[in-house]
Amino acid sequence: MPQILVEDLAKTYRVAERDPGLLGAVKGLVHRRHRTVEALRNVSFSLEAGELLGFIGPNGAGKSTTIKILSGILRPDSGTVLVNGRVPFTDRIAHVSRIGVVFGQRTQLWWDLPVIEGFDLLADIYRVDSARYRANRDELVDLLRLAPVLDQPVRQLSLGQRMRAEIAAALLHEPDILFLDEPTIGLDAPSKLAVREVVARLNRERGVTVLLTTHDMHDIEALAQRVIVIGHGQVLADSPFETLRANVLAERRLIVDFAHEAPDVTLPGVEIRSRRGQTLELAFDPARTPTPTVIAAIAAAHEVVDIHVGEPAIEEVIARFYALHGAGEA
Amino acid sequence: MDAARPYLAAFSSRFLLMLQYRAAAIAGFATQCWWGGIKVMIYAAFFAAAPAAAAASPMTLAQVITYTWLAQALLALTPWNADPEVALAVRTGAVAYDRLRPVDTYSLWYVRGGAWMASRALPRAALMLLGAGLVLPLIGLSDWAWKPPPSFAAAAAFAISLPLALALATAFLMIVNIIVAATLTDRGINVLFNSLIIVFSGNLLPLALYPDWAQTALLIQPFAGMMDIPLRLYVGQLQGSEALLGLGLQVFWTVALILLGRVAMARVMRRLDVQGG
């Protein structure tokens with residue numbers, strides 16, 4: 001049996017609405033209008049112990065809702081969720097003692113407490129054996145380079161420092177499963193790298209199962225063996241990362257600098273993506289139109305200064321994937 | 001021991017943190033001295049102006065004065081407002097993290113709320129005892145001072161009643177917290193309960209001084225146990241079987257409010273929505 005099993009998960013929220021302006025506000029006093037928003041509809045997937053799954057999708061797609069249901073905070077409207085054989089919401093206390101969760105947009109450490117005191121308090125709350133706690137804490141402090149900030153109140157940390165402290169906080173009780181909801185949001189490059197490194201290491205060395213949501217495709221590239229794309233509350237794709245890349249990255253880019261004003265290039269299978277002065281960006285499928293053929297054809301017909309071959313940015317690919325599935329921001 | 005570990009840690013962490021807010025404690029003490037002084041003078045004027053009524057009063061002026069200083073000292077023990085930490089957690093959605101801890105959420109909020117009130121009351125009470133209990137007699141104003149309890153029995157009854165008052169006030173605080181969690185704001189509820197508590201806890205006027213026909217109702221309502229009952233035990237106004245009845249009422253209301261709070265909390269948590277991000 002898989003470690004995490006999700007079948008036909010559905011969840012709706014009730015959202016209060018009112019008409020704009022004074023009249024709308026007055027009407028709202030008498031009659032409240034509610035709209036039902038479908039956050040999830042029949043989401044199904046499963047995860048084996050030790051997997052590292054990336055969860056991507058536009059804002060409002062249902063990623064966070066899924067994590068909140070998996071971590072036992074929210075109760076789904078319908079569907080089955082089993083984590084380690086337990087139903088998270090009904091068996092909440094046993095369930096949460098074996099998982100670690102980081103919500104990138106919220107803090108779980110106490111704002112006014114020094115980092116180390118927050119850690120101590122969490123160890124007490126999770127009833128972690130004190131020798132194990134110290135060994136594990138020291139390792140995490142080392143790994144996440146937290147030593148310099150341990151005595152500072154959390155409110156004085158930079159975002160990068162705070163996020164690293166948040167991740168350590170989620171791991172003090174040595175959970176089997178780690179849910180990370182946008183752990184790299186707003187971080188600078190070194191902090192992102194530190195976060196990725198520690199996540200990869202925990203997964204590799206301790207066999208911690210990781211489910212990670214992000215909007216940073218480099219997180220996915222660096223970490224995830226498998227990716228689920230979610231949009232409008234539904235699973236749009238569930239495949240190893242390489243497969244997803246091959247399916248949507250089947251495009252090559254050619255950036256050509258011409259000696260004069262960029263000409264109209266009309267070659268079969270080649271599209272013009274952008275035109276800037278003397279530069280053209282062309283796109284084509286290398287499987288159908290081999291790259292050398294395109295280059296040769298252009299070089300033969302025009303005076304070319306430079307040619308650069310590239311791939312579309314991964315963000316662009318994902319955006320196109322969302323558009324293709326009608327999964328723009330909900 | 002291990003079962004209680006999370007709750008003890010949460011209590012002591014909040015308690016020690018809150019004790020550090022010295023400026024707030026001193027400001028609170030100053031306000032409470034001011035009001036205490038005014039109230040004491042008003043009572044003195046009433047007692048002096050109507051000697052016949054004063055002679056028939058269930059409390060002597062000295063008892064009323066001690067009662068008043070104690071009431072000012074322990075003001076922070078009454079659940080005036082929702083726990084600001086809970087209100088903030090509800091507002092920001094950090095309440096999600098409370099649901100991620102392998103502990104009973106009601107108990108966690110309860111110990112944190114109790115720690116919050118106790119830590120606010122302790123420095124204010126110590127300062128008030130110093131000011132009204134020690135400084136006033138030393139400067140020759142012992143008629144206006146906070147006096148020790150009249151008997152050992154009164155002191156013992158107060159020593160039992162005070163922690164019960166904290167337990168009861170915390171149980172009521174939890175009801176307020178749960179209303180905040182359900183309505184997502186602490187503003188309306190704080191205003192609503194403020195006036196209720198200030199009257200029915202005896203803070204405005206000792207409950208014994210209200211008309212005789214209201215006495216039974218005033219004694220058995222839940223707010224009496226948060227301040228009036230321990231204070232009447234302290235000044236010796238409730239004795240013997242009446243003292244036992246007072247303590248019994250405190251226990252009864254604590255248990256009743258905890259049960260009510262738990263049922264309400266389970267309902268709120270079942271339909272909890274944590275939206276966004």
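**Briefing: sheets, cores and chain contact**

The model is predicted. A six-stranded open sheet in chain A has mixed pairing. The contact between chains A and B takes 25 residues from chain A and 22 residues from chain B.

- Six bridges join strand E10 (residues 252–258) of chain A to strand E12 (residues 279–284) of chain A, in the antiparallel sense.
- Ile255(A) has Glu281(A) in E12(A) as its bridge partner.

**Six-stranded sheet of chain A**

- The strand order in chain A is E5-E6-E7-E3-E8-E9.
- At the edges are strand E5 (99–103) and strand E9 (234–240) of chain A, and each of them pairs on one side only.
- Strand E8 (residues 226–231) of chain A pairs with E9(A) over six bridges, and the sense is antiparallel.
- Opposite Gly231(A) stands Gln234(A), a residue of E9(A).
- Helix H6 (residues 159–171) of chain A packs on this sheet, where it touches E5 and strand E6 (177–181) of chain A.
- The direction of this helix makes about 160° with that of E5(A).

**Nonpolar cores**

- The largest nonpolar core has 153 residues, and of these Ala168(A) and Leu168(B) touch the most other members.
- Helix H8 (residues 152–183) of chain B supplies the largest share of this core, 19 residues.
- Leaving aside neighbours within four places in sequence, Leu168(B) is in contact with Gly225(B), Met226(B), Gln250(B), Trp253(B), Thr254(B) and Leu257(B).
- A second, separate core has six residues, among them Leu254(A), Val256(A), Phe284(A) and Ile298(A).

**Helix packing in chain B**

- Helix H4 (residues 61–73) and helix H7 (residues 105–138) of chain B pack with their axes 8 Å apart, at an angle of about 150°.
- H4(B) is therefore roughly antiparallel to H7(B).
- From H4(B), the residues Trp69(B), Gln72(B) and Ala73(B) meet Arg124(B), Ala125(B), Met128(B), Leu129(B) and Ala132(B) of H7(B).
- By class, the residues of this contact between H4(B) and H7(B) are six nonpolar, one polar and one charged.

**Contact between chains A and B**

- Chain B gives 22 residues to the contact and chain A gives 25 residues.
- On the side of chain B that touches chain A, the elements giving two or more residues are helix H1 (5–19) and helix H6 (95–98) of chain B.
- H1(B) gives the most to that side, with six residues.
- The side of chain B that touches chain A comprises 11 nonpolar, five polar and six charged residues.

Notes:
Residues are numbered from 1 along each chain as its sequence is written. Chains are lettered from A and ligands numbered from 1 in the order in which they are written. This is a predicted model: local features need pLDDT of at least 70, side-chain atom pairs count only at pLDDT 80 or more; totals for chains, interfaces and linings use all residues. Two residues are in contact if their C-beta atoms, placed from the backbone, lie within 7 Å. Helices (H or I, at least four residues) and strands (E, at least two) are DSSP runs, numbered from the N terminus. Ala, Val, Leu, Ile, Met, Phe, Trp, Tyr, Cys and Pro count as nonpolar, Asp, Glu, Lys and Arg as charged, and the others, Gly among them, as polar. Axes are lines fitted to C-alpha atoms, for helices over the stretch in contact, and angles run from 0 to 180 degrees between N-to-C directions. Angles under 35 degrees count as roughly parallel, over 145 as roughly antiparallel, 65 to 115 as roughly perpendicular and the rest as oblique. Two strands pair if DSSP finds at least two bridges between them. A nonpolar core is a set of buried Ala, Val, Leu, Ile, Met, Phe, Trp, Tyr and Cys residues joined through C-beta atoms within 7 Å. A residue is buried if 20 or more other C-beta atoms lie within 10 Å of its own, exposed if 12 or fewer, and partly exposed in between; C-beta atoms are placed from the backbone.
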